[in-house]
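Hi,

Here is the structure I promised to pass on. Please open it beside this email and follow along.

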Amino acid sequence: MYNFTFHRPTTVRQAAGLLAKNPDAKLLAGGHSLIPVMKQRLAQPSALIDLAKVEGLHGVELKGRSVVVGAMTTHSDVANSPIMQQALPGLAAVPAAIGDPQVRHMGTIGGSIANNDPNADYPAACLGLGATIITNKRKIAADDFFTGMFSTALEDGEIITKVSFPIAKKAAYEKFKHPASGFALVGVFVSKRGPEIRVAVTGAGANGVFRVKSFEEALKRRFAAKSLEGMTIPATGMNSDIHASAEYRAHLVGVLARRAVAKATA
Amino acid sequence: MPSVSMTVNGKAVSGNVEERTLLVQFLREHLRLTGTHVGCDTSQCGACVVHVDGKSVKSCTLLALALEGANVLTIEGLAEPNGPLHPMQEAFRQNHGLQCGYCTPGMIMSAIDIVRRKGHELDERTIREELDGNICRCTGYHNIVKSIAAGAKAMAQGGAPRQAAE
Ligand code: FES
Ligand code: FES
């Protein structure tokens, strides 16, 4: 790992100021994606700005018909939050299945979505629930936030502070874990909130997380696993690597979507 | 070099470290607490697990400077020197929960955290699931699982762990 300067601001404003002063700086959240990448020297920020002590970035709260999660809230704190378990159990299950217990004690929602790893779970949950990503500058709809593999709509100097999830009556996530890494080979998040139906897929697409409109249309007629019977998506645009072919991933999208809907309606 | 202060095994410690110093390096190289191991350096094996503010974490993936003011517990802090072993350590000893011992400090620190989160009555499935982040290259896990079940029970009694039934 190359060396860097280390900063520990206590407010979002200070953090933003440090970012503005250090153009090659990176924000440090849980560090469980960034530090490994720095060890491999695939990233060499000039400065790290640690958000751990920044006030107002931790916790899960109910706000009207939404659950709002602070960007620095760890996976284990989201998974174990009584508010989340009650309001959106389908979402609480997502961080509960990320990594291993030690990773869940450090990894954060803000870090996960800012990184937008194409195999990460939270991007599917955000897109699958129609979340709003709140930064120090603006609010961004999940539909506009994830712009491709490891890329997001975040601009220079922009810091995620909160993620707001509308409470959906029915919501569930199913993932096919890579047996070694635990990352989603494919993961599908489905939700139904009034007339709005969403099906979001992670792990499969060559451009990161995406929605499956054909499945959403089919589920509009009836929100049941049966509505998706026999449905698949084309293998074009799917990832293909040593772990799984594009065809296999496309197949899994159908299988996991049916399972997720079954779970959401159970 | 910036300085860092934290509490390790109940004692206030401090040192000057390069920014890129990992917690595990600080523990092993600065404090000479070499019970915490490095197996992979890629957040996978769990040989480096310690507790920070009561929770198990991988010390190879934390920066020492990010631990300013934190409370760290390592394998060395579980029992008094020359005193009786911690019940979880004793359970590993009695149940032959180690062979080479390289993974053992991490296993034990993870095990104690499992008890904190899941209680003293742990079934095999729970233990195996919760050991997701700890790899052992020797034992095949069987006796580790037995050790943790016995150690969890012993921690409830606060006394010496019983040998798990075959
Ligand atoms: S050395 Fe930290 S997880 Fe392997
Ligand atoms: S006892 Fe040798 S690695 Fe576990």
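**What I found**

Start with one pair of residues. T5(A) stands opposite A47(A), which belongs to strand β3(A). Keep in mind that this is a predicted model.

β1(A) pairs with β3 (residues 47–50) of chain A, in the parallel sense and over three bridges. Next comes helix α1 (residues 12–21) of chain A, which packs on the sheet. The helix touches β1, β2 and β3 of chain A. Its direction makes about 170 degrees with that of β3(A).

Now the sheet itself. It is open, with three strands of chain A in the order β1-β3-β2, and the pairing is parallel.

Which residues of α1(A) are buried? They are V12(A), A15(A), L18(A) and L19(A).

Then look at E158(A). You will find it in the loop between β9 (151–152) and β10 of chain A. Is E158(A) buried or exposed? Its relative accessibility is 4%, and buried means under 20%, so E158(A) counts as buried. Its side chain makes a polar contact of 2.8 Å with the side chain of T135(A). The side chain of E158(A) also reaches the backbone nitrogen of E155(A), at 2.8 Å. Beyond its neighbours within four places in sequence, E158(A) is in contact with several residues, including L19(A), L27(A) and I140(A).

Last, the whole chain. Chain A has 11 helices and 14 strands. Its radius of gyration is 18 Å, close to the 18 Å that the globule rule gives for 266 residues, so chain A is as compact as a globular protein of that length. The C-alpha trace spans about 55 × 45 × 30 Å along its principal axes. Of the 266 residues in chain A, 56% are buried. Take the contacts between residues at least 6 apart in sequence: 58% of them join residues at least 24 apart.

Best wishes

Key:
Residues are numbered from 1 along each chain as its sequence is written. Chains are lettered from A and ligands numbered from 1 in the order in which they are written. This is a predicted model: local features need pLDDT of at least 70, side-chain atom pairs count only at pLDDT 80 or more; totals for chains, interfaces and linings use all residues. Side-chain values use heavy atoms; hydrogens and water are left out. Two strands pair if DSSP finds at least two bridges between them. Helices (H or I, at least four residues) and strands (E, at least two) are DSSP runs, numbered from the N terminus. Contact means heavy atoms within 4.5 Å. Axes are lines fitted to C-alpha atoms, for helices over the stretch in contact, and angles run from 0 to 180 degrees between N-to-C directions. Buried means under 20% relative accessible area, exposed over 50%, partly exposed in between (1.4 Å probe, protein chains only). A polar contact is a pair of N or O atoms within 3.5 Å; within protein, one must be able to donate a hydrogen and the other to accept it, and residues adjacent in sequence count only if both atoms are side-chain atoms. The radius of gyration is taken over C-alpha atoms; the globule rule is 2.2 Å times the number of residues to the power 0.38.
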